[in-house]
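This report is for a reader new to the structure.

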Amino acid sequence: MQLRDQHSILPLIVGIGGTTNPVSTTELVLRAALRMAEARGARTRLIDGHFLARLPLYAPEVQERTPVQEELVETVRGADGLIVATPAYHAGISGLLKNGIDLLEDLRDDARPYLSNRAVGCIVTAYGWQGGGTTLISVRTTIHALRGWPTPYGIAMNVADGILRVRYRDSWEKPSLMTPGTVYRIQVTAFPTSNLFVRGHRIRVDVSSSNFPHFDVNPNTGEPEARATSLRIATNRVYLDASRPSHIILPIIPRLAR
Ligand SMILES: Cc1cc2nc3c(=O)[nH]c(=O)nc-3n(C[C@H](O)[C@H](O)[C@H](O)COP(=O)(O)O)c2cc1C
């Protein structure tokens with residue numbers, strides 16, 4: 001068995017972006033990000049604005065590829081992760097970068113289609129907050145469409161849920177309906193789970209008066225379960241003031257001594 005060259009097992013991070021401006025700020029930031037990836041042990045390759053400017057306009061009906069197009073597709077195909085960088089142009093991705101990204105349609109039939117299973121860092125330069133924000137959303141959405149993981153990832157993941165049919169708040173044997181306008185103290189216990197929260201993770205609590213189709217529909221009429229003949233809209237209020245401080249209790253598992 002041949003030992004693989006250590007170089008070839010280092011992850012390859014491909015940076016794509018910048019503009020043709022000789023002092024492109026976007027390219028400066030992209031180069032800095034690639035240097036950071038190198039400092040952490042990655043190999044890198046930069047596809048800069050001048051490279052992108054040599055690509056013909058992507059046309060879905062044209063099958064032939066120029067050497068520059070082939071080089072871009074092959075480089076991205078071999079990437080373990082990517083960083084894309086664009087200026088905000090009229091609050092969106094520059095045409096230069098988008099033309100290169102459109103060409104990634106050539107990766108559609110790969111065993112690892114498009115940018116699947118790869119983290120993609122997203123960089124936007126802009127004059128203003130608004131254009132920067134809308135362009136970043138656009139880049140992230142495009143990366144999602146190509147099945148990449150735009151980073152920072154920023155997803156909400158359901159970790160646990162719980163449910164209480166409130167008529168059973170005091171007892172399963174003696175259900176008692178609530179009186180509209182009256183405030184009740186209730187406790188909803190989430191099903192057991194365990195999650196490691198790392199730096200930067202945040203906890204979101206969703207309160208809803210339904211959990212269908214996981215559980216049956218509550219018709220809010222007070223009729224016996226599964227025998228309701230009509231539906232009513234319920235208006236629920238969660239109190240967060242000093243005398244009624246609704247809260248979530250998360251037990252912490254002590255760190256094991258090593
Ligand atoms: C055609 C054009 C459109 C632009 N539109 C916006 C915009 O909508 N919002 C914004 O904040 N900046 C906008 N800018 C400013 C650029 O995003 C900003 O200058 C960027 O850093 C330029 O990147 P570069 O230095 O890599 O060329 C625009 C610039 C150009 C040339």
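## What counts as buried

A residue is called buried if 20 or more other C-beta atoms lie within 10 Å of its own, exposed if 12 or fewer do, and partly exposed in between. The model described here is predicted.

## Helix H2

Helix H2 covers residues 25-39, 15 residues in total. From its first C-alpha to its last it reaches 21 Å, close to the 21 Å expected at 1.5 Å a residue. Gly41 follows H2 and has a positive phi, near 100°.

Which residues of H2 are buried? They are Thr26, Glu27, Leu30 and Leu34. Seen down the axis of H2, these buried residues fall within an arc of 90°, so they line one face of the helix. An α-helix has 3.6 residues a turn, so residues three or four places apart point the same way. On the other side of H2, Ala32, Arg35 and Ala39 are exposed.

The buried residues of H2 are covered by several elements. Among them are four strands, E1 (12-17), E2 (43-47), E3 (81-87) and E4 (119-125). Helix H3 (49-53) is also included in this cover.

## Domains

The protein chain is divided into domain 1, residues 6-151, and domain 2, residues 158-258. Between the C-alpha centres of domain 1 and domain 2 there are 44 Å.

## Backbone features

Most residues other than glycine have a negative phi, and most peptide bonds are trans. The residues below depart from one or other of these patterns.

Arg147 has a phi near 65°, a positive value in a residue other than glycine. Its place is the loop between helix H6 (129-145) and strand E5.

Ala226 belongs to the segment after E5. Ala226 counts as exposed because it has 8 C-beta neighbours inside 10 Å.

A cis peptide bond, with omega about 15°, joins Phe212 and Pro213. Pro213 is located in the segment after strand E5 (149-151).

Note on methods. Residues are numbered from 1 along each chain as its sequence is written. This is a predicted model: local features need pLDDT of at least 70, side-chain atom pairs count only at pLDDT 80 or more; totals for chains, interfaces and linings use all residues. Domain bounds come from an automatic or database domain assignment. Helices (H or I, at least four residues) and strands (E, at least two) are DSSP runs, numbered from the N terminus. The expected span of a helix is 1.5 Å times one less than its number of residues. The arc is that of the directions from the helix axis to the C-beta atoms. Two residues are in contact if their C-beta atoms, placed from the backbone, lie within 7 Å.
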